[in-house]
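Please keep the sequence and the 3D view open while reading.

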Amino acid sequence: MTITKNGNGSEVVLNVEGRLDTMTSPELEKEILALPESTEKLTIDFVKLDYISSAGLRVLLSAHKNFAKKGGMVITNVNDTILDIFEVTGFKDILTIQ
């Protein structure tokens with residue numbers, strides 16, 4: 001998995017590429033936890049994400065809870081495979097997906 005971070009003041013975009021699974025989800029969690037406290041809005045771009053496991057979903061849920069207290073978290077460019085996983089697990093109703 002590759003994560004690219006782009007920041008613009010209080011907004012940060014994380015581009016996630018590859019597979020978000022048990023082996024790689026700690027890397028995304030580390031990136032999110034390392035964001036400055038001044039980060040109000042987080043966008044996670046999944047344009048190049050191929051797969052997400054329950055470990056990846058756990059990281060997204062934790063980040064969603066943290067950023068709900070601030071400016072929010074948005075997930076963008078979700079492919080049909082990942083969207084199906086979000087629908088089956090109920091995450092489509094929890095997360096903001098664009």
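## Basis of the description

Two strands are taken to pair if DSSP finds at least two bridges between them. Helices (H or I, at least four residues) and strands (E, at least two) are DSSP runs, numbered from the N terminus.

The model is predicted, and local features need pLDDT of at least 70, side-chain atom pairs count only at pLDDT 80 or more, while totals for chains, interfaces and linings use all residues. Residues are numbered from 1 along each chain as its sequence is written, and side-chain values use heavy atoms, with hydrogens and water left out.

Strand β1, residues 2–8, runs antiparallel to strand β2, residues 11–20, and seven bridges join them. The two strands form a hairpin with two residues between them, and in its turn glycine 9 has a positive phi of about 70 degrees. Asparagine 8 has glutamate 11 of β2 as its bridge partner.

On to the next pairing: β2 and strand β3, residues 41–52, pair in the parallel sense over nine bridges, and arginine 19 stands opposite tyrosine 51 in β3. The chain passes from β2 to β3 through helix α1, residues 25–33, in a β-α-β crossover that is right-handed, a term that applies if, with the strands pointing away from the viewer, the path from the first strand over the helix to the second runs clockwise.

## β4 and its partners

Five bridges link β3 with β4, and these two strands run parallel; isoleucine 44 stands opposite isoleucine 75 in β4. Here the chain crosses from β3 to β4 by way of helix α2, residues 54–68, and this β-α-β crossover is also right-handed.

Burial is judged by relative accessible area (buried under 20%, exposed over 50%, partly exposed in between, with a 1.4 Å probe and protein chains only). In a regular strand the side chains alternate between the two faces of the sheet. In β4, Gly72, Val74 and Thr76 point one way and Met73 and Ile75 the other way, and all are buried, so that five of the five residues of β4 are covered in this sense.

## A loop residue with positive phi

Asparagine 77 lies in the loop between β4 (72–76) and α3 (80–89). Although asparagine 77 is not a glycine, its phi is positive, at about 55 degrees. Why does asparagine 77 count as partly exposed? Asparagine 77 does so because its relative accessibility is 39%.
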